[in-house]
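Me: Please look at the model shown here. I would like to go through its fold and helix packing by question and answer.

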Amino acid sequence: GHAVVAAYATHSDPLRKVSIIPRGRALGMTEQMPMEDRHHYTEPYLRDRLLVMLGGRAAESIVFHDVSNGAADDLTQATQLARKMVGQWGMNSQLGPVSFPQSEAHPFLGRDIIESRDFSEETLKRIDSEVIALIHESDEKSRTLIEQHRCQLDALADALLISECGMHWF
């Protein structure tokens, strides 16, 4: 799912490697390689990153008509990225070009540093609402790409099963 979405998302980095061999906690791997070094990222690029992150779960849902906990890390990363886009980088039309920094995880303690917010609880609720909306929008777009390119998804899965496992799916 990640690979198919990455291949068809307009602003996505090109694919470098795809595997279904489990490694560590990952049940497979999709590796992308940027064409050039980047120090800043545009909103369209980041939106496509969200699509790719959600592509595995979307494919699982479409193919198996169910989801598992396999996408837990993808959901965590997508939510963190969406929160930064909405709350820190001004990439949201409802909240506009304003930064609402939130606490960062302390690298040694492994928990959030307690710091005061310079915005209201109401604003925090609006940020949460916009983050949820962005994730849902990205999930729908990812699902649409998977549905449009289902034949390519199945062909890729079959090719990977043959080349990496010596077996056929279809």
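Predicted model: local features only at pLDDT ≥ 70, side-chain atom pairs only at ≥ 80, totals over all residues.

Me: What share of the contacts in the chain with a separation of 6 or more comes from residues 24 or more positions apart?
Reply: The chain has 170 residues, and 34% of them count as buried. Among contacts with a separation of 6 or more, the share from residues 24 or more positions apart is 58%.

Me: What percentage of the accessible surface of the chain belongs to carbon and sulfur atoms?
Reply: The total accessible surface is about 10800 Å². The part that belongs to carbon and sulfur atoms is 53%.

Me: Are α2 and α3 roughly parallel or roughly antiparallel?
Reply: Helix α2 covers residues 43–64 and helix α3 residues 72–87. Their axes come within 9 Å and cross at roughly 160°. Angles over 145 degrees count as roughly antiparallel. The relation of α2 to α3 is therefore roughly antiparallel.

Me: How many residues in the contact of α2 with α3 are nonpolar?
Reply: The crossing of these helices, α2 and α3, is left-handed. On the α2 side the contact is made by E43, L46, R47, R49, L50, M53, L54 and R57, and on the α3 side by D74, L75, Q77, A78, L81, A82 and M85. Five of the contact residues are charged and one is polar, while the nonpolar ones number nine.

Me: Is the crossing of α2 and α4 left-handed or right-handed?
Reply: The α2 residues in this contact include L50, L51, L54, A58 and I62, and those of α4 include L134, I135, L145 and I146. By class, the contact of α2 with α4 has 10 nonpolar, four polar and seven charged residues. The crossing of α2 and α4 is right-handed.

Me: How is α3 set against α4, roughly perpendicular or oblique?
Reply: The axes of α3 and α4 are 9 Å apart and the angle is about 125°. Roughly perpendicular ends at 115 degrees, and roughly antiparallel needs over 145. The setting of α3 against α4 is therefore oblique.

Me: How many charged residues does the contact of α3 with α4 have?
Reply: The two helices, α3 and α4, pass in a right-handed crossing. A78, T79, A82, R83, M85, V86 and G87 of α3 meet I127, D128, E130, V131, L134 and I135 of α4. Eight of these residues are nonpolar and two polar, and the charged ones number three.

Me: Is H149 buried or exposed?
Reply: H149 sits in the loop between α4 (121–148) and α5 (150–165). Its relative accessibility is 15%, and the limit for buried is under 20%. H149 therefore counts as buried.

Me: Which residues does H149 contact, leaving aside its neighbours within four places in sequence?
Reply: H149 and V4 are 145 residues apart in sequence, with their C-alpha atoms 7.4 Å apart in space. Beyond its sequence neighbours within four places, H149 is in contact with V4 and Y8.

Definitions and conventions
Residues numbered from 1 in each chain as written. Heavy atoms only, no water. Buried < 20%, exposed > 50% of the residue type's maximum accessible area, 1.4 Å probe, protein only. Contact = heavy atoms within 4.5 Å. Areas by Shrake-Rupley, 256 points an atom, 1.4 Å probe, with all protein chains shown as cover. Axes fitted to C-alpha atoms, helices over the stretch in contact; angles between N-to-C directions. Helix = DSSP H or I, 4+ residues; strand = E, 2+ residues; numbered from the N terminus. Parallel < 35°, antiparallel > 145°, perpendicular 65-115°, else oblique. Left-handed = near helix turned anticlockwise from the far one by under 90°. Nonpolar A, V, L, I, M, F, W, Y, C, P; charged D, E, K, R; others polar.
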